[in-house]
Amino acid sequence: MSLLADRVAVVTGGAQGIGFAIAETFVRHGARVVVGDLEPGDTRERLGPAVARAVRCDVTRAEDVEALPATAVEDFGTVDIAVNNAGITRDATMRTMTEHEFDQVIAVHLKGTWHGTRLAAALMRECGRGSIVNISSLSGKVGMAGQTNYSAAKAGIIGLTKAAAKETARYGLRVNAIQPGLIRSPMTTAMPEHIWEQKMAEIPMSRAGEPDEIANVALFLASDLSSYMTGTTLEVTGGRFM
């Protein structure tokens, strides 16, 4: 079943982890995809040169983010879907976190999502339709010790999503968010083993999630299956912190 046949998507942070899983799932369901990443590498080749483009992108820079929907329009004719996924961590207690570490995380997650949402929406409005999917985190719901920067940014994405959904609904656009829990990715598996085990103990399903499980929810929100949903946040957490 090709849920995204003839659709064109842009995905930030799409060279690995959750972002790549989303791009790969979209391609499998018929979409053409433009991936933005600081290090795109061989992403285009892995996804398929006929259906994918990979662009170097620093999401804190508006001109970099603007190049993604622009490339989608130039190479594939339109942009129907935008997924704002790019992210970093700079974990530290509030006492030891530097101002630079705080600003870095806020800039990549929150400002980057703002850039991606507003620039994609500007093009989608002309077509009278579009789906924007923002990747938040469970940290934005409950707050995590050692992540005042990350938790603040991810909570901010929820507010941004709801505000953008209200602004754009009249133009046929939908803006939704996903809050992943503990997902097995290069960023999470780098954490110390005792921290990983502590987080695992909090999950009723007793396992970490896989990137494909986030990608499937992104597919749902990007497709017409969610045609009457906007401003929503879907938790994909294995039941953690219900």
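In the predicted model, the count of aromatic pairs comes to 0 under the rule applied here, with ring centres required to lie within 6.5 Å of each other. Aromatic rings do, however, take part in contacts with arginine side chains: the charged end of arginine 118 is placed over the ring of tryptophan 114, at 4.3 Å from the ring centre, and the charged end of arginine 125 is placed over the ring of tyrosine 171, at 3.8 Å from the centre of that ring.

The protein comprises 9 helices and 7 strands. Its radius of gyration is 17 Å, close to the 18 Å that the globule rule gives for 242 residues, so the protein is as compact as a globular protein of that length. The C-alpha trace spans about 50 × 35 × 35 Å along its principal axes, and 52% of the 242 residues count as buried.

Within the structure, 1 cavity of 30 Å³ or more was found, and the volume of the largest cavity is about 60 Å³. The lining of the largest cavity is formed by Val10, Thr12, Val65, Leu68, Pro69, Ala82, Val83, Asn84, Gly116 and Ala120. Two or more of the lining residues are contributed by each of strand E1 (8–12), helix H3 (62–76), strand E4 (81–84) and helix H4 (99–127). In terms of residue class, this lining consists of 7 nonpolar and 3 polar residues, with no charged residues.

Terms used
Residues are numbered from 1 along each chain as its sequence is written. This is a predicted model: local features need pLDDT of at least 70, side-chain atom pairs count only at pLDDT 80 or more; totals for chains, interfaces and linings use all residues. Side-chain values use heavy atoms; hydrogens and water are left out. On a 1 Å grid over the protein atoms alone, a cavity is a set of points where a 1.4 Å probe fits but cannot get out, and a pocket is an open set with protein on both sides within 12 Å along at least five of seven lines; lining residues have an atom within 4 Å of a point. Grid points are joined across faces, edges and corners, and a volume is the space filled by probe spheres set on the points. Helices (H or I, at least four residues) and strands (E, at least two) are DSSP runs, numbered from the N terminus. Ala, Val, Leu, Ile, Met, Phe, Trp, Tyr, Cys and Pro count as nonpolar, Asp, Glu, Lys and Arg as charged, and the others, Gly among them, as polar. Rings of Phe, Tyr and Trp (its six-membered ring) pair if their centres lie within 6.5 Å; planes under 30 degrees apart count as stacked, over 60 as edge-to-face and the rest as tilted. A charge sits over a ring if NZ of Lys or CZ of Arg is within 6 Å of the ring centre and within 35 degrees of the ring normal. The radius of gyration is taken over C-alpha atoms; the globule rule is 2.2 Å times the number of residues to the power 0.38. Buried means under 20% relative accessible area, exposed over 50%, partly exposed in between (1.4 Å probe, protein chains only).
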